[in-house]
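Hi there,

Here is the structure I promised to pass on to you.

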Amino acid sequence: MPLSPRSSRGRGRVPVKEAWWVLRSALLWLVSGLHFFLVVPVLVLLGIVLDPRKHDWLQRSLCRRIAFLSGAKVEVRRSPGFDPNRTSFFFSNHVNIFDPFMLYCAVPQFVRGWELESHFKIPAYGWLMKRFGNVPVPDVRRPSDLKRMWRLTQQAIETGTSLVIFPEAKRTRDGRVNEFQDGGFRVAQQLGVPIVPVSLVGSFQHLRTGKWMLRPAKITVYLHDTVETKNLTKEDVPALRDRVRAIISAPLGETYVVKARA
């Protein structure tokens, strides 16, 4: 049976719409890639001759442009119990490759992160992460490598550098928060460093791991109440881990104050 003009037009819209999203995503990836590979070498060179703290504003500007060029709007919401002045571990859910840049837009302190050591071999991105002092997390957990990670983590905290940690140790495939590993919580407990749980909301709509399509999205970064770790024992670590995961994955209320838009 021949289709009516109305039904023919309806069926024709879907491929056109999908073609638009494909074209849009391809253009965003192209522009974002050119921007990243042009700017990062400049920041790496600056990192050689200057303390990265002196041009932290340039690094934050890079992250804001990365978010913008990927089609995302970043909003930061702070809980009243979040202390922006304390050096802390920021534990966040992990969704896609843009997460570190979104977090850099949101965390008000000088911040670095735990980074898989193998990532340092990635062109441009790895050079930047290594030069700016991210703490290498060994892919193979030999005692000597773990001691080095511990030492570099302690040095970062002692110099007033907060650290971002993704306790899932992998990116979500379905939008849900995966189970957390204990490593970062054990370090926080032993060093007595406060923890700030962070919820990234909207990232899964923006880009899904395993896919390449970029969708326009508002990404809200929730900085929750600072959690104390002093006076905790190693027996308290599982409860601490579960508490932080529950905070990150729980539905969010209206008590959070919009602090900034990136």
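Below is what turned up, going from the inside of the chain to its charged pairs. Please keep in mind that this is a predicted model.

Let's begin with the interior. In soluble globular proteins, nonpolar side chains tend to be buried together. The largest nonpolar core here has 39 residues, and Phe90, Met102, Leu128 and Val221 touch the most other members. Several elements give two or more residues to this core, including helix H1 (5-49), helix H2 (56-69) and strand S7 (217-223). Helix H3 provides the largest share, six residues.

Next, the surface. Trp20, Leu23, Leu27, Leu30, Val31, Leu34 and Leu38 form a nonpolar patch there, and together they have about 720 Å² of accessible area. One of them, leucine 34, is found in helix H1 and counts as exposed, at 51% relative accessibility.

Last, the charges. Side chains of opposite charge can pair when their charged atoms come close. The model has ten salt bridges, and Glu117, Arg142, Asp145 and Arg148 are linked in a network of them. Here is how that network is put together:

- Arginine 148 pairs with glutamate 117, with the closest N and O atoms 2.8 Å apart. This pair links distant parts of the chain, 31 residues apart: arginine 148 sits in helix H5 (residues 143-158), and glutamate 117 in the loop between strand S3 (111-116) and H4.
- Arginine 148 also meets aspartate 145, at 3.9 Å from N to O. These two are three residues apart in helix H5, so about one helical turn separates them.
- Arginine 142 forms a salt bridge with aspartate 145, again with closest N and O atoms 2.8 Å apart. Aspartate 145 is buried, at 11%, whereas arginine 142 is partly exposed, at 49%.

Enjoy exploring!

Methods
Residues numbered from 1 in each chain as written. Predicted model: local features only at pLDDT ≥ 70, side-chain atom pairs only at ≥ 80, totals over all residues. Heavy atoms only, no water. Core = buried A, V, L, I, M, F, W, Y, C linked by side-chain atoms within 4.5 Å. Buried < 20%, exposed > 50% of the residue type's maximum accessible area, 1.4 Å probe, protein only. Helix = DSSP H or I, 4+ residues; strand = E, 2+ residues; numbered from the N terminus. Patch = residues over 30% accessible without salt bridge, like charges linked within 9 Å, V, L, I, M, F, W, Y side chains within 5 Å. Areas by Shrake-Rupley, 256 points an atom, 1.4 Å probe, with all protein chains shown as cover. Salt bridge = Lys/Arg side-chain N within 4 Å of Asp/Glu carboxyl O.
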